[in-house]
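Thanks, everyone. Could you put the model up on the screen, please? I will go through it stop by stop.

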Amino acid sequence: MMHCFTSRFIASLLSAALVQTHALAQAGAQKSGAIPVTPSTALAGPASVLSKAVRTSATMEPAVPHAEQDKSVAARLAAWQSASGKKPNIVWMIVDDMGYGDPGCFGGGAAIGAATPNIDALAQSGLKLTSCYSQPTCTPTRSAILTGRLPVRTGLTRPILTGDKLTKNPWADETSLPAILGAVGYKTVLSGKWHVGETEGMRPQDVGFDEFYGFYPAQKELSQGVDKRRYPDLVLNPDRLEMLHKTGASEGLMHGFKGGATTEVMHIDCIENVAEGDRMLKEFTVAKIAELAKSGQPFFLEHAFAKVHADNFPSKAFEGKSASKYAYKDAVVEVDAYVGEIVAALDKAGVLENTFIFLTSDNGPQLDSWPDTGYTPFRGGKATTWEGGVRVPGIASWKGMITPGRQSDDLFDLMDLFNTSLALAGATDRIPTDRYIDGIDQTSFLLADAGLSHREKVYMWNEGTLMAMRMYEYKMHLHVTEAESQWLAIDMATERQVGISPWLFNLYIDPKEQCAVGHRMNAWLASMGAEMKAHGATFRKYPPKDIGLGK
Ligand code: CA
C-alpha cells in the first residue's frame with residue numbers, strides 16, 4: 001500500500017516536473033535535455049476527481065460554475081446600469097510590499113504600532129478576502145493583473161532592476177486591461193508606481209493608459225542614489241554615483257500622456273523628495289477623481305502607492321505619527337490616510353455608488369529590509385511562494401452593490417481582477433482568445449451576498465519554476481525557497497526541489513506551513529499532482545515568452 005501511494009505521487013511529481021522542463025526549454029531558458037511531454041487529454045475536462053472546475057475554452061482557466069449566483073448578479077448589474085445609465089468606474093489601490101498582517105482588519109493595525117482606520121473602514125464597507133493571492137514580487141504582479149496572464153507567459157517573471165537590458169518588449173504582443181477599457185469608452189489613468197518597463201514602448205502611456213503620473217521604478221531604486229546612510233558606497237563616491245546615473249534609469253516623478261509628451265515633474269535628488277512622493281501621487285489622484293467624475297465618462301484609475309516598499313521615508317506630515325515611530329510604520333499610517341482621502345474624494349465627487357474599489361498589496365513583506373518591512377503571520381516573505389510571499393490583503397467595496405461587512409476565505413487570485421473588471425465594463429467579449437488567460441471572472445463572487453468563488457486553484461510560480469499550488473485549504477510544493485538567514489528571503493536564499501513526496505500542508509490546521517502531512521494524512525496527492533500536470537499542459541500550445549529577464 002505504501003509503495004503504491006509513494007509511486008503514485010512520485011509519478012505526479014515527475015509529470016509536473018517534465019512539463020515544467022519542457023516549458024522552460026521552449027522558452028529558451030537555461031535548462032536543457034527536456035523530455036517531450038506525451039499528448040494528454042487534460043485540456044478536455046477536469047484533471048482529477050477533486051476538481052469541480054469546468055473548462056469552457058482552450059484558452060481560459062477552468063472555473064467552478066455557480067449558475068444561480070451568476071444569474072442573480074447579472075440581473076442586479078443590468079438593473080443598476082439601467083437605473084444609472086452608466087458603466088461602473090473601476091478604482092484599484094495597490095500598496096507596494098504591504099504585509100498581510102499590516103492592516104488592522106487583517107490582524108495588525110494598532111496592535112503592531114500602526115493603526116489603519118481607513119483601510120479597516122473600507123473593508124467594513126464591503127468584502128474582506130482572506131485568501132487573496134499575488135505573485136511573489138512587484139513586476140510579475142503588476143503585469144499579471146493588467147493582462148490576466150501568469151508572468152511566466154508574458155516573460156515578466158521578476159522585477160526589472162537598474163541596468164537590466166531586455167531582449168524584447170513584452171508588451172509588443174500583450175493586450176492590456178486599460179487598452180481594452182479605453183476601446184469601450186473608459187478614461188484610463190495610472191497614478192503611482194509602474195515597474196513594468198520605462199523605455200519607450202513599455203511605459204504605461206504606451207501600453208494602454210491615457211495618462212500616467214508616477215514613478216517607473218520601486219522606491220529603493222530612487223533612494224539608492226540619495227540616501228548616504230544606507231548606500232554610502234554609492235552616494236559618497238562621485239565615480240560610482242556617475243556610473244549609477246549612466247545606467248539611464250529614471251530618477252523622477254513623471255507625467256505622460258498616450259500619444260503625447262512625457263515630462264519630469266520632480267527630480268529625485270534628495271531624501272525629502274522620496275518622502276513626499278506619495279503625497280504628490282495622492283494629490284494628483286484626488287484632483288483627477290474630481291475631473292473624471294465631472295466629465296461623466298466612466299474611468300479606470302489605478303492608484304499604485306510607492307510606499308511601503310523599502311526604503312521608506314514618511315512624508316514630513318507623517319513623521320512619528322505611528323505609535324511605533326519607525327519609518328515603515330509611519331509609512332503605513334500615511335498610506336492609510338491617503339486611502340481615506342481617495343475614498344472621500346470619490347464620495348465628494350458623487351461617484352461612490354458608481355465605483356467598484358479594490359485594495360490590495362502586490363506581494364508579501366520584503367523581510368530582507370527589516371525593520372523597514374511589513375508583517376505577515378505566515379511563513380516566508382516577498383520573493384517566495386510560501387504564504388508570506390503571496391497571500392495579501394484583499395478588499396472589494398462598491399457602495400450599494402456589495403453588502404457591508406462581508407468576509408470570505410474562498411480563493412481569489414489578483415489576476416482575476418483582469419476578467420472581473422472587463423465583465424463590469426461589459427467587455428468580456430474583448431478578452432483575447434489567441435493566448436492563455438489565467439484570470440477568472442469573479443464578479444458574482446464579489447457582488448453576491450454569501451457569494452462563492454469560481455476559483456478552486458492558485459498556481460504559484462517563481463520566475464520560470466512552478467513552485468506550488470493551493471487547492472481548497474491544501475497547498476502542495478514541488479519546489480521551495482529556503483532563507484539561509486531568517487530575514488534574508490531574497491538576498492541569501494536557495495531554491496530547491498523537494499524530495500520523494502511533495503510538501504503538502506493543510507492551511508486550516510497549519511497556516512504557517514511547518515508540518516507537511518504528505519501521504520500520511522491526505523488522500524489527494526495524486527489528484528493534486530494531476531491538477532498541476534494539467535496546468536503544465538496549457539504551456540504546450542501556448543509556450544512561455546522569454547524577454548531576457550533570466551538570471
Ligand atoms: Ca512589491
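Asn-354 touches Trp-80, Lys-86, Pro-88, Asn-89 and Trp-398, leaving aside residues up to four places away in sequence. Touching, or contact, means heavy atoms within 4.5 Å. Asn-354 sits in the loop between α12 and β8. Helices (H or I, at least four residues) and strands (E, at least two) are DSSP runs, numbered from the N terminus. Asn-354 has a relative accessible area of 12%, so it is buried. Buried means under 20% relative accessible area, exposed over 50%, and partly exposed in between, with a 1.4 Å probe and protein chains only.

Two notes on the source. This is a predicted model, where local features need pLDDT of at least 70 and side-chain atom pairs count only at pLDDT 80 or more, while totals for chains, interfaces and linings use all residues. Residues are numbered from 1 along each chain as its sequence is written, and side-chain values use heavy atoms, with hydrogens and water left out.

Next, the metal. Which protein atoms are the donors of the calcium ion? They are Asp-96 (OD), Asp-97 (OD), Cys-138 (SG), Asp-362 (OD), Asp-362 (OD) and Asn-363 (OD1). They lie 2.2 to 2.6 Å from the ion. Donors here are N, O and S atoms within 2.8 Å of the metal, or 3.2 Å for Na, K and Ca; water is not among the atoms, so sites may look incomplete.

In sequence, the donor residues follow the spacing D-D-x40-C-x223-D-N. Cys-138 and Asp-362 link distant parts of the chain, 224 residues apart. Cys-138 is in helix α4 (residues 138-147). Asp-362 is in the loop between β8 (355-361) and α13 (387-390). Both are covered: Cys-138 is buried at 1% relative accessible area, and Asp-362 is buried at 0%.

Why is the arrangement around the calcium ion irregular? Because the 6 donor atoms subtend angles of 54 to 160°. The cut-offs: four donors are tetrahedral if all angles lie between 85 and 135 degrees; four are square planar and six octahedral if opposite donors are over 155 degrees apart and all others between 65 and 115; anything else is irregular.

Now the helices. Take α3 (residues 117-124) and α12 (residues 327-348). Their axes come within 7 Å and cross at roughly 50°. That makes α3 oblique to α12. Axes are lines fitted to C-alpha atoms, for helices over the stretch in contact, and angles run from 0 to 180 degrees between N-to-C directions. Under 35 degrees counts as roughly parallel, over 145 as roughly antiparallel, 65 to 115 as roughly perpendicular, and the rest as oblique.

Who meets whom? From α3, Pro-117, Asn-118, Ile-119 and Leu-122 meet Asp-336, Ala-337, Val-339, Gly-340 and Val-343 of α12. By class, that contact has 6 nonpolar, 2 polar and 1 charged residues. Ala, Val, Leu, Ile, Met, Phe, Trp, Tyr, Cys and Pro count as nonpolar, Asp, Glu, Lys and Arg as charged, and the others, Gly among them, as polar.

Helix α12 has another partner, α11 (residues 277-295). These axes come within 9 Å and cross at roughly 10°. So α11 and α12 are roughly parallel to each other. Their contact divides into 6 nonpolar, 1 polar and 5 charged residues. Among the α11 residues in it are Arg-279 and Lys-282; among those of α12 are Glu-334 and Glu-341.

On to Leu-414, in the loop between β11 (412-413) and α14. Leu-414 is buried, at 2% relative accessible area. Its contacts beyond four places in sequence include Cys-132, Thr-141, Phe-358 and Val-392. Helix α14 (residues 416-424) is mostly covered too: 8 of its 9 residues are buried. Just after α14, Gly-426 takes a positive phi of about 70°.

Last stop, the backbone. Most residues other than glycine have a negative phi, and most peptide bonds are trans. The loop between β7 (299-304) and α12 holds Val-308, Asp-311 and Lys-325. Lys-307 and Val-308 are joined by a cis peptide bond, omega about 10°. Ala-310 to Asp-311 is cis as well, with omega near 5°. Lys-325 is not a glycine, yet its phi is positive, about 75°. Is Lys-325 buried or exposed? Exposed, at 53% relative accessibility. Ala-383 also has a positive phi, near 80°, but Ala-383 is buried at 15%.
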